[in-house]
Amino acid sequence: MFAFLLRRLGWAILTVWIVYTVTFFLMRSVPGGPFDGERQLPEEVERNLLEKYNLNDPVHIQYFNGIRDIVANPIGEKFGPSIRLADYNVDEVIAQGFPVSASLGIFAMVFALLLGMTSGVISAIKRNSALDVGFMAAATLGISVPSFVLASVAVIVFVFWIPIFPAAGWGELSQILLPALCLGAPFAGYIARLTRTGMLEVLGQDYIRTAYAKGLATRRVVVRHALRGAILPVVSYLGPAVAGILTGSLIVERIFYLPGMGSHFIEAALQRDYPLAMGMVLVYTCLLYVMNTLVDISYGVIDPRVKVE
Amino acid sequence: MNKPLLQVENLGVCFHTDNGTVNAVNGVSFQLEAGETLGIVGESGSGKSVTNLAIMGLIPSPPGEITSGEVRFRGEDLLTMDSQHIREIRGNKIAMIFQDPMTALNPFLTVEEQLTEVTQLHLGHSRREARAHAIDMLEKVGIPAASRRIDEYPHQFSGGMRQRVMIAMALSCKPDILIADEPTTALDVTIQAQILELMSELQHQEGTAIIFITHDLGVVANTCHRVMVMYAGKPVEKATTREIFASPHHPYSLGLLNSALRWDESHGGMLRAIPGQPPDLTQLGDGCAFAPRCEYCVDACETAVPPLISVDKNQTREHACIQDLPSIRQTEVDV
């Protein structure tokens with residue numbers, strides 16, 4: 001297990017380096033710069049600005065300086081000042097936005113798992129019943145409606161028609177619920193379908209017949225004997241699901257005016273705020289990497305035949 | 001007269017599928033006395049497994065449906081019993097082991113978890129009692145280092161060892177009846193012999209009655225007191241093991257015997273297979289289901305289904321054939 005984690009860490013460093021390199025050169029190759037605007041800046045002003053952000057060095061020096069800053073200071077400040085948010089360091093922006101985006105993502109994920117797995121299991125047990133058809137129709141709807149449409153409709157219904165949620169803002173539980181539901185809905189739908197399929201497959205296995213032959217009640221057969229096998233497809237889907245929730249949160253945060261990282265990400269890319277965009281990309285990279293590692297480990301925990309190596 | 005332990009009367013099971021209704025079991029009757037071993041023999045699809053799943057109440061419904069009959073266990077009809085009550089009998093009074101020990105054990109749970117849940121459920125054992133009992137059972141079925149191996153998962157056991165675990169699990173509550181559905185088919189021959197020996201040993205110790213489902217007549221000869229031969233969901237012959245090997249009264253039984261290896265007979269190097277295929281159970285005709293494959297078939301066979309008739313006065317021996325097979329074979333030999 002320790003060797004596994006160590007190897008994973010090695011791959012993580014390699015991955016972050018590759019992502020850094022690709023992002024760096026992609027950003028630099030896009031036409032335009034951080035200080036291009038409708039109004040041409042005086043030459044001296046632009047030169048001073050470039051100097052402030054170390055952007056007048058040759059590109060390869062900038063590239064290596066960026067790596068040096070990260071390697072030298074992996075915990076503390078490593079990205080330097082943001083260009084767009086001139087008074088803040090990129091690290092501060094991340095420190096402020098990350099908890100918001102993370103809580104939104106966790107809420108959405110938990111909601112998706114709870115709703116998706118419950119309805120999937122019920123659908124499988126009561127196959128072809130009205131309940132099954134209803135759940136699967138709702139799941140298909142959840143998967144196919146884009147989150148910005150769902151979010152807009154949710155705002156109309158739950159903010160204006162039935163005013164039980166605030167329209168925007170951050171800090172209270174009621175403010176996180178609506179965006180989390182909108183963000184999690186497509187994933188709940190997908191997880192419901194995966195759980196149903198997995199459950200149906202497992203319920204046809206010989207060892208389920210053995211469990212019934214022991215005299216166990218249906219509930220116990222499902223929970224103890226079938227569920228673990230049935231959620232394996234869901235577990236493998238969690239990696240991509242986390243990626244989806246991360247990118248989905250960019251849109252949902254925008255619609256509900258949440259002070260998360262999503263809006264910074266979009267703005268940084270549009271305005272060529274190189275340090276901020278780099279910071280965002282690397283945070284998301286690390287997050288995804290950690291989640292995928294957790295998924296791999298939990299696979300071994302759920303299925304004893306899988307050895308984590 | 002003493003009531004038999006298990007009495008099956010005119011059991012009928014069908015499955016409703018997209019291709020029509022499959023009449024898997026059509027009027028099966030038999031009885032089982034305490035402590036005896038009954039062999040149920042037939043090709044794949046002859047209804048032997050379905051019969052026993054119906055006894056356990058394990059026919060999935062839909063698509064399955066029990067269309068007729070009674071299954072009396074100690075006088076109570078299992079088919080009309082409420083689900084709570086039959087769960088108390090399943091795994092407790094009537095236990096079952098299955099053909100493929102590779103798939104019949106849950107790969108996600110340790111052997112301990114799978115063994116102890118039966119006794120916790122039926123005997124009210126605490127976790128500790130259940131574990132001690134489970135280790136006892138594993139030792140009894142011949143698993144070395146049982147107290148250590150009990151914490152392992154099924155995939156860490158070999159096929160023969162897994163079947164031993166299945167047997168330990170089935171016998172945990174000292175059932176009155178053990179239904180063994182081809183318990184040795186998936187195992188290689190040396191392991192087969194060990195498992196059969198183990199089962200008869202445990203039967204002697206515990207006095208369990210066994211229903212042995214198989215298509216292997218060698219297994220029947222070794223283990224069973226009585227045999228019921230099934231074809232197309234119906235019993236075609238019932239006899240003691242000795243009688244059926246000595247003189248089969250139904251052409252299908254004869255066909256099965258001819259297609260099996262026997263140490264006391266020379267086949268001139270060739271085994272004789274039964275020609276043709278088992279019938280389509282969605283459309284059974286008016287006559288004897290075996291008629292199209294039968295070398296002794298006469299016109300009358302194709303017009304009416306021959307009933308089971310007793311051969312001797314005690315009614316221990318029955319067969320469903322209008323021909324007198326032993327005397328026909330006798331004349332063949334004379335000519």
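**Strand pairing, helix packing and the chain contact**

In chain B, strand β4 (residues 64–73) is joined to β5(B) by 2 bridges, and the two run antiparallel; strands (E, at least two residues) and helices (H or I, at least four) are DSSP runs, numbered from the N terminus, and two strands pair if DSSP finds at least two bridges between them. Across this pairing, B:Phe73 stands opposite B:Glu76 in β5(B). The model is predicted: local features need pLDDT of at least 70 and side-chain atom pairs count only at pLDDT 80 or more, while totals for chains, interfaces and linings use all residues. Residues are numbered from 1 along each chain as its sequence is written, with chains lettered from A and ligands numbered from 1 in the order in which they are written.

Turning to the helices, the contact of α7(B) with α8(B) involves, among others, B:Ile167 and B:Leu171 on the α7(B) side and B:Leu198 and B:Leu202 on the α8(B) side; contact requires C-beta atoms, placed from the backbone, within 7 Å. The residues of this contact divide into 7 nonpolar, 4 polar and 2 charged (Ala, Val, Leu, Ile, Met, Phe, Trp, Tyr, Cys and Pro count as nonpolar, Asp, Glu, Lys and Arg as charged, and the others, Gly among them, as polar).

Between the chains, 18 residues of chain A are in contact with 22 residues of chain B. On the chain A side, α8(A) gives the most, with 7 residues.

How values were computed. Two residues are in contact if their C-beta atoms, placed from the backbone, lie within 7 Å.
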